[in-house]
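I opened a new page for this structure.

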Amino acid sequence: MRAKLRKGYFGQFGGQFAPETLMFALEELEREYSKARQDKKFKVELNYYLKDFAGRPTPLYLAPNLSKSLKRIKVYLKREDLLHTGAHKINNTLGQVLLARRMKKQRIIAETGAGQHGVATATVAALFNMSCDIYMGEEDIARQSLNVFRMKMLGAKVIPVNSGSKTLKDATSEAIRDWVTNVTTTHYIIGSIIGPYPFPMIVRDFQSIIGKEARQQILKIEKKLPDYLVACVGGGSNSIGLFNPFFNDRLVKFIGIEAAGKGVDSNKHAASLLKGRTGVLHGSKMKVLQDNFGQIKIAHSIAPGLDYPGVGPEHCFYQAIKRAQYFAVTDKQALEGFEMLSRLEGIIPALEPAHAIYFLKNLAKLAKSGSVVILCLSGRGDKDVMSVSKILNYD
Ligand SMILES: *Cc1c(COP(=O)(O)O)cnc(C)c1O
């Protein structure tokens with residue numbers, strides 16, 4: 001193990017805690033990425049697929065009924081739910097698959113929890129005719145059979161992981177293990193702003209399209225910057241994608257919403273920023289849910305995409321310097337947010353951003369009247385309809 005200092009850090013968080021065998025691949029990735037970002041051809045190619053394949057730019061949509069019902073705030077939705085495959089994940093998988101092609105890697109691997117990142121990865125692998133293996137915990141395979149079928153239909157192989165809690169954390173560990181063994185032929189597309197440097201930077205940059213578009217759109221519509229940005233935080237990629245392009249706009253407040261599960265004082269939640277301690281997970285120093293002995297705790301959330309016991313180093317840094325504020329919303333409240341947006345606006349959200357939607361009720365009380373809010377609607381709710389229907393009774 002070797003830790004690189006300063007470069008690749010966000011304050012005291014981040015770094016590159018990886019086995020020697022990966023160092024070469026991480027350096028190759030960093031080199032290729034810094035060349036690609038200066039290459040006009042790469043930019044043109046990525047923009048082409050983002051637009052014509054994935055459906056960018058996504059609308060910044062004023063939610064009229066939600067705003068009316070909340071009374072004191074004006075809410076705009078950044079509609080990542082309208083993207084191909086149904087969530088923001090495709091922004092990152094498209095960028096990374098193009099990087100993999102530049103590095104002449106023929107094989108793609110990824111980890112997935114709910115299957116959203118797995119589907120987005122299998123999709124771009126199909127697009128470029130690459131072989132694709134997706135690691136997924138057995139517990140998640142049982143819970144998310146529709147996405148498992150989707151990945152297989154797209155030509156990917158789904159590899160069951162039966163170690164640990166048989167969920168996302170263990171799938172990530174297995175994917176890293178595979179990468180160590182097959183690093184010359186294989187690129188690992190990590191799904192959020194986690195992992196060893198340069199992954200948190202690369203994923204952040206590819207997701208920043210969310211905030212860049214939103215910034216231009218709100219300036220055009222409102223002729224001013226927003227007062228608040230609100231987004232849900234799992235690993236942290238959709239929220240960082242929205243926040244980062246506003247970093248220097250000091251009057252724009254950032255609010256990240258973690259999953260409180262059955263309550264942050266229960267043992268069943270995923271609030272790593274609010275309840276975690278600094279540690280190393282999956283190659284990066286970050287806030288991690290751990291017990292008194294440093295064992296990683298099992299995270300819980302009704303939203304499978306928020307069910308991770310760590311959180312990207314850039315968020316840990318934003319929290320430390322007080323650039324962003326973080327709150328947590330419970331499973332039950334998220335269901336209320338889910339119903340609220342569905343009923344009021346005719347938009348069924350994914351359970352992940354439903355956490356952020358619920359929080360708007362609190363924000364409406366504490367914000368100055370007339371505040372303009374942008375909420376990242378990170379994905380659509382089709383994937384959650386079955387599980388929600390088992391909890392809520394509409395008869
Ligand atoms: C995966 C996912 C998330 C959580 O991941 P982040 O990296 O925190 O964005 C949130 N919303 C949706 C719809 C997802 O699929």
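**Entry 1: the model.** I noted at the start that this is a predicted model.

**Entry 2: the ligand's place.** I looked up where the ligand sits, and it is in the largest cavity. I then listed the 17 residues around the ligand; Lys89, Ser192, Gly236, Ser237 and Ser378 come nearest. I sorted this shell by class and got 4 nonpolar, 11 polar and 2 charged residues.

Entry 3: Which atoms of the protein lie 2.7 Å from an oxygen atom of the ligand? For Gly236, I found a backbone N or O atom at 2.7 Å from a ligand oxygen. For Ser237, I found a polar side-chain atom at 2.7 Å from an oxygen atom of the ligand. I also checked Ser378, where an N or O atom of the side chain is 2.8 Å from a nitrogen atom of the ligand. I then looked up the cover: on its own the ligand has 380 Å² of accessible area, and the protein covers 96% of it.

**Entry 4: cysteines.** How many disulfides does the structure hold? I counted 0. I took Cys376 as a case: the nearest cysteine sulfur belongs to Cys232 and is 7.1 Å away. Cys376 is in no disulfide, because a disulfide needs two cysteine sulfur atoms within 2.5 Å.

Entry 5: Is Cys376 buried or exposed? I wrote down buried, because its relative accessibility is 0% and the cut-off for buried is under 20%.

Note on methods: Residues numbered from 1 in each chain as written. Predicted model: local features only at pLDDT ≥ 70, side-chain atom pairs only at ≥ 80, totals over all residues. Heavy atoms only, no water. Near = heavy atom within 4 Å. Polar contact = N/O pair within 3.5 Å; in protein donor to acceptor, adjacent residues only side chain to side chain. Areas by Shrake-Rupley, 256 points an atom, 1.4 Å probe, with all protein chains shown as cover. 1 Å grid on protein atoms, 1.4 Å probe; cavity = no way out; pocket = protein on both sides within 12 Å on 5 of 7 lines; lining within 4 Å. Sits in = over half its atoms within 2 Å of the grid points. Nonpolar A, V, L, I, M, F, W, Y, C, P; charged D, E, K, R; others polar. Buried < 20%, exposed > 50% of the residue type's maximum accessible area, 1.4 Å probe, protein only.
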